[in-house]
Amino acid sequence: MEQRSEPRVARAIRFFVNIFECANNPERVGESVACEAIDFSTHGLQFRTEQELHPNSLLNITIGIGEPFAMYLLRGEVRWVRETSGEYFLGILLKADEETDLDEWVDDFADQFSA
């Protein structure tokens, strides 16, 4: 059953996430992990990585996209993780935080992903 409340835009973009909080593995806080996005919505994204991340972890996500180029710092919570053939697929819920660019991301989303 589909649980998404927002349409997703498929786009492969490589980026790094920085582990902001991880109750299961606190020693990983501050670690950077290479990722590739699968799809985006205004309040979530799905990506894949070769390193395991745990549900409920908080990630700082920096994404650069668009023409003209724009950088967004987002914070996301890992909602689910699925492992397939040595790759980890993650569902991320973007969280509002005064230290992030979520409002700008939401405002710019349609323009950034219309092409």
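# Briefing on a predicted protein model

In the hairpin formed by strand 5 and strand 6, where 4 residues lie between the strands, Gly66 takes a positive phi near 90 degrees.

**The protein as a whole**

- Of the 115 residues of the protein, 41% count as buried, while the exposed surface comes to about 6,800 Å², with carbon and sulfur atoms supplying 47% of it.
- Among the contacts with a separation of 6 or more, 55% are accounted for by residues 24 or more positions apart.

**How the strands pair**

- Strand 2 and strand 3 pair in the antiparallel sense over 5 bridges, and within strand 3 it is Ala34 that stands opposite Phe16.
- Strand 3 also pairs with strand 4, again in the antiparallel sense and over 5 bridges; here Asp39 has Gln46 of strand 4 as its bridge partner, and the two strands form a hairpin with 2 residues between them.
- Strand 3 is mostly covered, since 7 of its 10 residues are buried.
- Strand 5 and strand 6 run antiparallel and are joined by 8 bridges, with Leu58 standing opposite Glu77 in strand 6.
- Strand 6 pairs in turn with strand 7, in the antiparallel sense and over 9 bridges, and Gly76 stands opposite Leu94 in strand 7.
- The hairpin of strand 6 and strand 7 has 2 residues between the strands, and in this hairpin Ser85 takes a positive phi near 50 degrees.

**The nonpolar core**

- The largest nonpolar core has 28 residues, and those with the most contacts inside it are Phe15, Phe47, Ile61 and Trp105.
- Two or more residues of this core come from each of strand 2 (14-21), strand 3 (32-41), strand 4 (44-49), strand 5 (58-65), strand 6 (70-84), strand 7 (87-95) and helix 1 (102-112).
- Leaving out residues up to four places away in sequence, Ile61 touches Phe15, Phe16, Val17, Leu45, Tyr72, Leu73, Leu74, Gly76, Ile92 and Leu94.

**Aromatic rings**

- The protein has 4 aromatic pairs.
- Because Phe40 lies in strand 3 and Trp105 in helix 1, the pair ties together parts that are 65 residues apart in sequence; Phe40 is buried, and so is Trp105.
- Phe40 and Trp105 also belong to a cluster, in which ring pairs link them with Tyr72 and Phe109.

**Leu59, a residue of strand 5**

- Leu59 lies in strand 5, and it counts as buried because its relative accessibility is 0%, where buried means under 20%.
- Not counting residues up to four places away in sequence, Leu59 touches Val17, Asn18, Ile19, Phe20, Phe47, Leu53, Leu74, Arg75, Gly76, Val78 and Ile92.
- Leu59 and Phe16 are separated by 43 residues in sequence, and the distance between them in space is 9.9 Å, C-alpha to C-alpha.

**Arg28, a residue of a loop**

- Arg28 has its place in the loop between strand 2 and strand 3, and with a relative accessibility of 12% this residue therefore counts as buried.
- Apart from neighbours within four places in sequence, Arg28 is in contact with Ile19, Val33, Gln51, Glu52 and Leu53.
- With one of these residues, Gln51, the contact includes a polar one, made between the side chain of Arg28 and the side chain of Gln51 at 3.3 Å.

Notes
Residues numbered from 1 in each chain as written. Predicted model: local features only at pLDDT ≥ 70, side-chain atom pairs only at ≥ 80, totals over all residues. Heavy atoms only, no water. Core = buried A, V, L, I, M, F, W, Y, C linked by side-chain atoms within 4.5 Å. Buried < 20%, exposed > 50% of the residue type's maximum accessible area, 1.4 Å probe, protein only. Contact = heavy atoms within 4.5 Å. Areas by Shrake-Rupley, 256 points an atom, 1.4 Å probe, with all protein chains shown as cover. Pairing = 2+ DSSP bridges. Polar contact = N/O pair within 3.5 Å; in protein donor to acceptor, adjacent residues only side chain to side chain. Phe/Tyr/Trp six-rings, centres within 6.5 Å; stacked < 30°, edge-to-face > 60°.
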